[in-house]
Amino acid sequence: MTWAAIEDGTYQHIFTKLDKPYKMQGQLVSWASICGRSFAIEEPQPNPKKKKCAYCLGKENGNYDKA
């Protein structure tokens, strides 16, 4: 898993590689954030200038309810 932000994203998410690519809007996505709010075709690169996603942080810390 990797903290990363996609270009148009506001937040950095924790991305994980999918076992099987998923077709979304006519494109195959291979990466998904653990909060389910962001997807990427190729491995997203970290961007420390962007704020970390609170939903991903909550899941990483085991607090599914708090985000």
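## Strands and pairing

Strand 2 (residues 11–24) and strand 5 (residues 51–52) run parallel and are joined by 2 bridges; two strands count as paired if DSSP finds at least two bridges between them. Within this pairing, Gln12 has Lys52 of strand 5 as its bridge partner. This is a predicted model, so to speak of local features takes pLDDT of at least 70, and side-chain atom pairs count only at pLDDT 80 or more, while totals for chains, interfaces and linings use all residues. Residues are numbered from 1 along each chain as its sequence is written, and side-chain values use heavy atoms, with hydrogens and water left out.

Strand 2 also pairs with strand 3 (residues 27–33), this time antiparallel and through 6 bridges.

## Overall layout

Read along the sequence, the pattern is β-β-β-β-β-α, that is, 5 strands and 1 helix. Both are DSSP runs numbered from the N terminus: helices are H or I with at least four residues, strands are E with at least two.

Of the 67 residues, 31% are buried, where buried means under 20% relative accessible area, exposed over 50% and partly exposed in between (1.4 Å probe, protein chains only). Among contacts with a separation of 6 or more, 42% link residues 24 or more positions apart; a contact is heavy atoms within 4.5 Å.

## The cysteines and the core

How many disulfides are there? The count is 0, with a disulfide taken as a pair of cysteine sulfur atoms within 2.5 Å.

Leaving aside residues up to four places away in sequence, Cys35 touches His13, Cys53, Tyr55, Cys56 and Lys59.

## A charge over a ring

Tyr55 also has Arg37 over its face, at 3.6 Å from the ring centre. The test here is NZ of Lys or CZ of Arg within 6 Å of the ring centre and within 35 degrees of the ring normal.
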